[in-house]
Amino acid sequence: MRRSVAALLRKDLRVELRTLAVLPGMVLFSISIFVLMHFALNRSSVEGDLAAGILWVALLFAALLGANRLFVADADQGGFDGFLLAPVPRSALLVAKVTTMLAFLAAVEVVAVPAFALLLLAPPLWPGLGWLVLVLALGDVGVALIVTLVAALAVRTRARDLFGPLIALPLLLPIVIGGARASSPLLSFGHVSTPAARWLAMLTLYDLILGLIAFALFDFLLEE
Amino acid sequence: MGSTPTVGKSARLQGVATIALMALSLALVFFYAPLEAEQGFLQKIFYVHVPLAIISLVAFVLAGLLAVQYLRTRDAVWDMRAWVMIDLALAFAVAALVCGSIWAKGSWGHWWVWNEPTLVSFLIVILFYAVYRPLRAAVEDRERQAAYASVYAIVGAVFVPLNFLAVRFSSAYLHPRVLGASSQLPGPMALTFLVCLAADALLFATMFRYEMSLRRLRAMVRALRRRREAARAAAALTEQRRSAA
């Protein structure tokens, strides 16, 4: 299991490094949203709830954009068939794809969060950065699980680019609630209070449940 | 596909019983249940709104169980049941949302109140399940369509209660609710509520039964048409051969 996951992960990351088809797009997209928000809201700087909301929406949309491409090569160029012929557990593909998505999200955030602080955020980013990384990490796990499961569901339908986001957005809502509420005090002026434990607990719980569902159901999306 | 697909005597009886119970429940709402002290007549929409909401949510979760059953047995009838269940539950959910909106307008003066978690959760659940049918239509292969739809239904069944918890968590404060638990209601109100719940549940069951038999009937008609066309084609072929010979 571990070896097949590692092999799949290597394949996905190598393909991305050679083609650079997804990651730069995700980064550019999130930065474009920051610019868009500046003009749409007519604000040169934001803080608190507004800042948390813009950051999370930008990251989610970037994730949806990346998820649309996550399985396309496998579906169109025989990656699924090759995988199904190999004598390895099918959950290996789920673990590998979720990990790929997590890596993409982390890479996007490494660029997008500083860019957000530079372009829009009024209060300094440093004091709450440690907590923000934790909140983002907890949110990313859930986002990666949802978009991977939904992308696997949508990729072999007609109009797959439409169904992915449509199905994923309602499912992402608890993560937006938990993530945005937890990051809001970290992006405010004044002394940084720690995020309320209940949002962190909510994110963790949702991640766990999503992990179980994805693990239980992913196999059924692969059969042929 | 199972026994006689037409709507038989017992189904018709069930339909009549549904109409009777619905009439009884409405009579209780308007003539038996007392006026609520604070909201007065407006509160009566509660007897329509809450049962619709409860039944649609229970049905979404049940549809998930039916989908599990499909994935275990691979019998297409379970998938069809889950499909009909979700279609009806979606209709009930939309009705509950509309009632909730009317109630919000009456008691708080706004058609939409973000602080009312039930209303917001319903919108999200409706947005999620609204994609169920288009997704089915977008998958041509029958078995794959059923498998995908089942995965969808199971994810939804888990998501619905979680979503309610999350949205409830997110409201800064909760409006005082007319109903915490039906046990807090005074006797006549509780009785009326329970009768309404039973009437709506029966309505759901009856609609489910009719819709299932309708779809079975449609499938049979389609199969018969195909057979007739095949027979005609075969007859035309033999005719052609005879005239050629």
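**Exercise 1.** In which kind of crossing, left-handed or right-handed, does α4(B) pass α6(B)?

*Solution.* The model is predicted. Take the two helices in chain B. Helix α4 covers residues 117-129 of chain B, and helix α6 covers residues 142-170 of chain B. α4(B) passes α6(B) in a right-handed crossing.

**Exercise 2.** Work out how the directions of α4(B) and α6(B) relate.

*Solution.* Two packed helices are described by the angle between their axes and the distance between the axes. Here the angle is about 150°, and the axes lie 9 Å apart. Angles over 145 degrees count as roughly antiparallel. Therefore α4(B) and α6(B) are roughly antiparallel to each other.

**Exercise 3.** State which residues of α4(B) and α6(B) meet, then sort them by type.

*Solution.* Start with α4(B). Its side of the contact includes B:Pro117, B:Val120, B:Ile124 and B:Phe128. Now turn to α6(B). Among its partners are B:Gly156, B:Phe159, B:Asn163 and B:Arg168. Sorted by type, the contact residues are ten nonpolar, three polar and one charged.

**Exercise 4.** Compare the radius of gyration of chain A with that of a compact globule.

*Solution.* Chain A has 224 residues, so a compact globule would have a radius near 17 Å. Chain A has 18 Å, which agrees. The C-alpha trace spans about 60 × 35 × 30 Å along its principal axes. Next, check burial. Buried residues make up 48% of chain A. Finally, take the contacts in chain A with a separation of 6 or more: 86% join residues 24 or more positions apart.

How values were computed
Residues numbered from 1 in each chain as written. Chains lettered and ligands numbered in written order. Predicted model: local features only at pLDDT ≥ 70, side-chain atom pairs only at ≥ 80, totals over all residues. Rg over C-alpha atoms; globule rule 2.2 N^0.38 Å. Buried ≥ 20, exposed ≤ 12 C-beta atoms within 10 Å, placed from the backbone. Contact = placed C-beta atoms within 7 Å. Axes fitted to C-alpha atoms, helices over the stretch in contact; angles between N-to-C directions. Helix = DSSP H or I, 4+ residues; strand = E, 2+ residues; numbered from the N terminus. Parallel < 35°, antiparallel > 145°, perpendicular 65-115°, else oblique. Left-handed = near helix turned anticlockwise from the far one by under 90°. Nonpolar A, V, L, I, M, F, W, Y, C, P; charged D, E, K, R; others polar.
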